[in-house]
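Here is a brief report on aromatic rings and their contacts. Please look at the model before reading on.

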Amino acid sequence: MKVVLSTCERLADGDVDDAPLVGALADLGVHASYSVWDGPDAGEAAAAADLVVLRTPWDYPEKLDAFLPWVDSLPALANPAPVVRWNADKAYLVDLASDGVAVVPTALATAGFADWPRDVEFVVKPTVGSGSRGALRIAPNDVATAERHLAELAAPALVQPYQSGVDSAGETALVFFAGRYSHAFTKGAMLTEDAVYDETGLYVLERLGPSTPPPAYRRLAEDVLDAATDRCGLRRSELLYARVDLIPGPGGAPLLLELELVEPSLGFRQADAGAPLRFASAVRAALAG
């Protein structure tokens, strides 16, 4: 059995967080290798694989017009192509809010948008993006900066009131394999004045740590997966991986910040030693099923 772990040119050998995966898969008789999704040998590698798993194609937001057709062309992809198409655009947050999920209040903005939050800090970020690229934290009532940033993005954007609880508590990322909870980790607040990008420029360097999320966080994460798979017409087991990013809202109750189903970092370095083995077992089950 052969699996391609899809990546980008700037991370041709994958991200260090995923380092245990090739060995964990080999232990189960699965040969895994990295392939740059838009590299010269990508087609040949995908054709020879039983499954392509999106891991670190973190340049896709700037190449979306090529990435989505490539995703559609693959006969066996995790997560499935329709899920990738839906989740690649953060407008999915509006969908999930309409399904009753507790989401950070979110509005979609295009040129001429006028319903800016007042008297509170807010965030404007592109609907297609990763690693906090293009996200800007804006002071209360600073509509001029918001309008300027929206024009610079030259695309639809999300507008959200900034949730100040993240400054002290950070984000909690809950990770699932084949629909089952695996582990969680925390991420420090990212939209800060001292934010620094990694050497590739693909993402903001994060302050990470292990986490044991409280029951309310677990419940919301389960609700998020149920709503997403129902909307996509899937069973939860058909999602090879999922990461649910939650932050505290007013009063401390968790809110969904993002649901990562395309190419999330899975926090293996913050997890127990069994996490890569659980991922490998989920891949093996996907190959068998």
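## Aromatic contacts

Phe 122 is buried, at a relative accessible area of 0% (buried means under 20%, exposed over 50%, partly exposed in between, with a 1.4 Å probe and protein chains only). This is a predicted model, where local features need pLDDT of at least 70, side-chain atom pairs count only at pLDDT 80 or more, and totals for chains, interfaces and linings use all residues. Residues are numbered from 1 along each chain as its sequence is written, and side-chain values use heavy atoms, with hydrogens and water left out.

Trp 116 is buried too, at 3% relative accessible area. Its ring and that of Phe 122 are tilted, because their planes meet at 35° with the centres 6.0 Å apart. Rings of Phe, Tyr and Trp (its six-membered ring) pair if their centres lie within 6.5 Å; planes under 30 degrees apart are stacked, over 60 edge-to-face, the rest tilted.

The whole structure holds 11 aromatic pairs. In one of them, Phe 113 and Trp 116 are edge-to-face, since their planes stand at 85° and their centres 4.9 Å apart. Phe 113 is buried, with 15% relative accessible area. Elsewhere, one aromatic cluster consists of Trp 37, Tyr 60, Phe 67 and Trp 70.

Two charges sit over rings (NZ of Lys or CZ of Arg within 6 Å of the ring centre and within 35 degrees of the ring normal):

| Charge | Ring | Distance to ring centre |
|---|---|---|
| Arg 137 | Tyr 162 | 3.8 Å |
| Arg 218 | Tyr 181 | 4.1 Å |
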